[in-house]
Structures are given as C-alpha cells and as structure tokens.
Amino acid sequence: MTAKLSLRGVRKRFGAHEVCKGIDLDVFEGEMVCLIGASGSGKSTLLRCINLLEPIDEGAIWLDGADISEPGLDPQPVRQKIGIVFQSYNLFPHMTAAENVMLAPRRVRGRSREDMRPLVAELFQRFGLGDRMEHYPDQLSGGQQQRVAIIRALAMEPEIMLFDEITSALDPELVGEVLDVLRDLRLQGMTMVLATHEMGFARELADKVCFLDEGRILEEGPPEALFAAPREARTRAFLSRVL
Amino acid sequence: MDGASAPGRSAGGLTRREAYEAGIRRRSNRIALISTVSVVIAVIFLVPLAPGWDAVKNAFFNGRVFAATFPGLLDAFLLNVMIFAWSAPLIAVTGLAIALCRDARAPALFPLRLFGIAYTDVFRGLPVVLVIYIIGFGVPGLGLPRPWNSPYIWGTLALVLVYSAYVAEVIRSGIDSIHQSQRSAAASLGLSDRDTMRFVVLPQAIRNVVPANMNLFIALQKDVALLSFIGPVEIFRQAGVYKSLYANFTPYVVAAIIFLALTIPATRYADYLMNKQNRERS
C-alpha cells in the first residue's frame with residue numbers, strides 16, 4: 001500500500017535558521033497522525049510546508065504519488081485537496097460564518113449559494129452550530145469560531161486535513177467541543193495530521209504519534225508504545241514535562 | 001471618630017477616594033471656567049479698544065452686507081457642492097485603481113506598478129492650485145471645441161488627479177494593515193490572489209480607512225474653491241464679486257461661515273468614526 005502523503009528529507013530554512021532538518025513521514029489513507037514536541041520544534045512549519053504555504057528548500061512531498069513540492073507548481077489545486085485549520089482561526093471578520101464557509105466553494109468551484117446551503121447547513125448542524133450560521137466571527141466564542149474554521153476547510157471537501165494546534169488559543173472549557181469535532185472526523189475516516197499539545201487526545205485517537213525535536217522526527221510509533229515506553233531520553237524528558 | 005462607621009468612609013456615603021476625586025474634579029472645573037470667562041471678557045473688551053476696530057467692524061462684520069449677500073453666496077455654494085459631488089466618486093474609483101496598481105505583484109504588471117508609484121509621487125508633490133492652473137488653462141488652450149474647453153471638466157480633472165493620489169496612499173496603507181494570516185487563510189482554501197484581494201483583503205482594508213478618507217474629502221470640499229481661479233463662479237469667486245460691489249469684506253466672512261457650517265460637523269463625524277475604530281481595536 002502506498003501512502004496518501006509522503007515526505008522525504010524535507011528541509012526548510014528561514015534565513016540562517018533551519019526549522020525542518022530532513023523530515024520523513026508517511027500518512028496513509030484514513031490515518032490520524034499527531035505531531036508532538038515543544039514550541040519551535042518545527043510542527044507548524046511542517047504543516048505549512050505540506051499545504052504549500054511555505055516552499056521547502058530540500059526534499060520532496062508526494063500526494064497520491066505525485067510530487068507536489070516541484071518548484072513552480074501551481075499550488076491552488078493542491079491546496080484544494082489539503083485543508084488546514086490554524087491556531088488563531090483566521091476567519092474573515094467581515095463575513096458571517098456561513099459566508100466564510102461558502103466563499104471558497106463559490107469562487108474556486110463555481111458553486112452557487114443556493115447549491116451550497118443544504119451542505120453548509122448540515123455541517124453547521126453536525127458540529128452544533130445550527131443557529132450560528134448568520135453570526136459574525138466576533139459574535140462567536142473561540143470554540144465556535146474554531147469549529148466554523150474547520151467547517152470552512154471541510155466545505156472544500158479536502159482529502160487530507162491539517163490541524164495546527166487548533167485548541168492552543170482556546171480557554172480550557174472550550175477545548176472539549178473542538179476535540180469532539182476531530183473525534184467525529186476520525187470516525188468518518190478523514191485522513192488527518194495534527195500538531196497538538198493535547199496528549200490525552202493523541203493517546204486516545206492517533207494511529208501514529210511523531211515526536212519532533214529541533215526540526216527532526218526523533219521518535220515515532222503507535223501512541224501506546226510512544227507514551228508508555230519512549231526510547232529516546234529527550235522524548236522521555238518532554239513527556240514528563242507535559243503529562 | 002464614630003466607632004460605627006466603616007474605616008475610610010466620609011460623610012455622605014462616599015469612600016474617601018471618591019470624595020478626594022470629586023474634590024479634584026470640582027477644582028479643575030472651577031479653574032477651567034474662570035480661565036475661559038477671563039479670555040472671553042478680554043477679547044470682548046480689549047479688541048474694540050484697538051484704534052481701527054470701527055473700520056474693521058464695518059468692513060468685515062457689516063450686518064447689512066451680510067443680509068444682502070447671504071442668499072447669493074448660499075446659491076453659489078451649491079456649485080461647490082455639485083463639483084464636489086461629481087469629483088468625489090471619480091476620486092474614490094481612481095484612488096482605488098492607483099492603489100491596486102501599486103500593489104500589482106506579477107512581473108508583467110511591473111509597468112503598472114511603476115506608474116502607480118510615479119503617479120502618487122508626482123501628484124502628492126505638487127500644490128493643488130498649480131495642477132489646477134496647468135490643466136485648467138493648459139488643456140483648453142489647445143483650442144478644443146465646446147464642451148471640451150469647459151473649466152468644469154478640466155478643473156474637475158485636476159482635483160481628481162491630485163486627490164486620488166492621496167486616496168490611493170490611504171487605501172494602500174489599509175491594504176498593508178490586513179494581517180498576513182488572512183491571506184494565508186484565503187490561500188489555504190485555494191482562492192486565487194485576485195479573489196483574495198477582492199473578497200478578503202479589500203473589504204476589510206477599505207472599512208479600516210473610511211475615517212482617514214473622510215478627512216481627505218473634507219479637505220477636497222474646501223479645495224473646490226480653488227477652481228475659482230480658472231473660471232467657475234463658485235462661492236469664493238462670488239464673494240469676490242460682492243466684495244467689489246459693496247466695497248466691503250463681509251461676503252468673505254459669510255463664505256467662511258457657510259464653509260464651516262458644513263466642514264465642522266463633517267470633521268466631528270470623522271473624528272467620531274476614528275475614535276470608535278480605535279476603541280474597537282483596543
């Protein structure tokens with residue numbers, strides 16, 4: 001079986017500072033992979049590279065066997081297949097929640113609002129936001145905004161979803177409602193890559209957990225193994241700090 | 001000390017801090033009042049003591065001339081309002097176009113970007129009245145047939161050229177103020193650069209710069225009077241005509257009052273919008 005998404009030797013530099021120092025990663029269809037590690041270990045940058053928001057300096061990224069890291073490649077068709085949700089939601093503040101969700105399908109896929117309504121209403125319903133469609137982002141709580149951001153990415157019907165520490169900016173009591181959404185997506189069989197600090201969640205649902213340290217995947221494996229018996233001293237040190 | 005009252009309470013149920021602050025407030029108000037009244041009294045009593053006061057009063061604040069010229073000047077002011085009314089939308093559209101030129105990133109559009117930079121540099125660097133003279137006298141000098149020799153057309157063009165350069169800069173600063181993460185979010189959804197600008201960046205940018213642009217349009221309303229130099233008999237020119245007719249400067253004071261009646265409320269409103277926006281941001 002070939003991987004849905006493959007990274008080989010991915011390196012990314014910002015000026016003299018190398019953030020990703022040769023990363024290999026395989027994500028299979030329907031898998032949920034969690035990236036853990038301290039702030040600045042390269043998790044967010046790696047996700048931004050997969051989505052082509054940042055061009056990589058060396059290495060390659062394959063999606064369904066096609067090299068998407070080819071310099072000069074049009075990133076837009078790729079981004080339509082790979083959705084990303086950011087830590088700071090990044091909703092468009094001048095549009096209602098429903099308009100936020102419908103903008104990309106309308107402009108990129110040429111769908112009409114009327115056409116979209118049933119699907120959008122169903123998504124809002126499913127994630128407990130049925131009565132929030134016409135609200136503006138500043139009228140919603142952080143957890144609600146983040147769920148709208150997830151719906152916005154899902155409305156493009158991506159094949160892979162990337163989540164960049166999407167609960168880190170939330171008040172603790174709002175984290176649960178967003179994790180429930182991820183649980184729901186997991187059951188639907190969505191292929192997902194998460195950068196996360198929610199260790200309990202990673203342990204419960206991930207197929208594979210990767211520990212990033214200074215731009216490298218230092219250790220990876222199924223959550224039971226990695227959390228219960230980490231091989232590397234640095235992994236143990238990190239886990240003892242966060243667990 | 002009364003053992004029953006809470007520590008720090010003074011008479012009247014105020015905390016001692018409230019009582020102290022009320023005292024400070026009363027004192028500031030008293031000082032402000034005394035200072036204002038003394039200045040007003042000084043102006044009222046001292047200015048008329050000046051040797052030329054009666055002549056000045058007669059030349060600038062003449063009630064008879066005021067009453068006689070006010071309706072005519074108000075009428076002429078309508079022309080200012082009209083010139084403003086057709087210039088403003090042209091300026092808004094041109095300013096937006098120039099701002100987008102300056103923001104063009106594609107290499108093929110580099111000439112456009114260069115044009116945008118040159119345009120804003122040139123027209124922000126020239127006095128408005130100079131542009132009005134050059135265009136308002138220069139172009140009709142080509143001997144064009146009616147209506148193409150009209151000072152209204154070329155005067156308007158001069159205002160549009162100058163003011164759209166300022167509006168373009170304000171809009172561009174608005175575009176720059178939109179956080180990169182908004183562009184990232186749009187790009188990650190597969191939106192093109194063009195759609196990102198049109199649906200995500202511009203609507204927010206333009207909303208942010210409404211107060212700044214309002215100040216520009218208030219300045220425009222005043223600068224319409226400069227067109228009087230190339231022909232149109234608007235309020236400033238009409239005031240000049242009355243001045244000669246009555247041999248009295250009161251018409252200028254009337255014109256000033258008419259301008260202020262419009263610009264002061266507009267300025268206050270722009271300030272209100274600006275403060276509101278600052279409050280929302282903080």
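Biologist: Let's start with S1 and S2 of chain A: do they pair in the parallel or antiparallel sense?

Modeller: Strand S1 (residues 5–14) of chain A pairs with S2(A) in the antiparallel sense, over 8 bridges. Two strands count as paired when DSSP finds at least two bridges between them, and strands (E, at least two residues) and helices (H or I, at least four) are DSSP runs numbered from the N terminus. This is a predicted model, where local features need pLDDT of at least 70, side-chain atom pairs count only at pLDDT 80 or more, and totals for chains, interfaces and linings use all residues. Residues are numbered from 1 along each chain as its sequence is written, chains are lettered from A and ligands numbered from 1 in the order written, and side-chain values use heavy atoms, leaving out hydrogens and water.

Biologist: Good to know. Which residue is the bridge partner of Leu7(A)?

Modeller: Leu25(A), which sits in S2(A).

Biologist: And what does helix H1 of chain A touch there?

Modeller: H1 (residues 43–50) packs on the sheet, where it touches S1, S2 and strand S4 (58–63) of chain A. Touching means contact, with heavy atoms within 4.5 Å. The direction of H1(A) makes about 115° with that of S1(A); axes are lines fitted to C-alpha atoms (for helices, over the stretch in contact), and angles run from 0 to 180 degrees between N-to-C directions.

Biologist: What's the strand order in that sheet?

Modeller: The sheet in chain A is open, its 4 strands run S2-S1-S4-S5, and the pairing is antiparallel.

Biologist: New topic: what's the order in the 6-strand sheet?

Modeller: The order there is S6-S7-S8-S3-S9-S10 (chain A), in an open sheet with mixed pairing. Its edge strands are S6 (82–85) and S10 (216–221) of chain A, which pair on one side only. From one strand to the next, the twist averages 20°.

Biologist: And how do S7 and S8 of chain A pair?

Modeller: They pair in the parallel sense over 5 bridges, S7 covering residues 160–164 and S8 residues 191–195 of chain A. Asp164(A) is opposite Ala195(A) in S8(A).

Biologist: Which strands does helix H9 of chain A touch?

Modeller: H9 (residues 233–242) packs on this sheet against strand S3 (32–36), strand S9 (208–213) and S10 of chain A, with its direction at about 100° to that of S9(A).

Biologist: Now the chain contact. How many residues does it take from each chain?

Modeller: Chain A gives 22 residues and chain B gives 19. About 1700 Å² is buried between them, 61% of it from carbon and sulfur atoms; that is accessible area (1.4 Å probe) lost on putting the two parts together, summed over both. Of the area that chain B buries against chain A, 36% comes from Ser188(B), Leu189(B) and Phe199(B), more than from any other three residues.

Biologist: Which side chains meet in a salt bridge?

Modeller: Arg107(A) and Asp195(B), at 3.2 Å, N to O. The term covers a side-chain nitrogen of Lys or Arg within 4 Å of a carboxyl oxygen of Asp or Glu, and the count between chain B and chain A is 1.

Biologist: Which helices of chain B each supply at least two residues to the side touching chain A?

Modeller: Helix H7 (180–188) and helix H8 (193–208) of chain B do. H8(B) gives the most to that side, with 8 residues.
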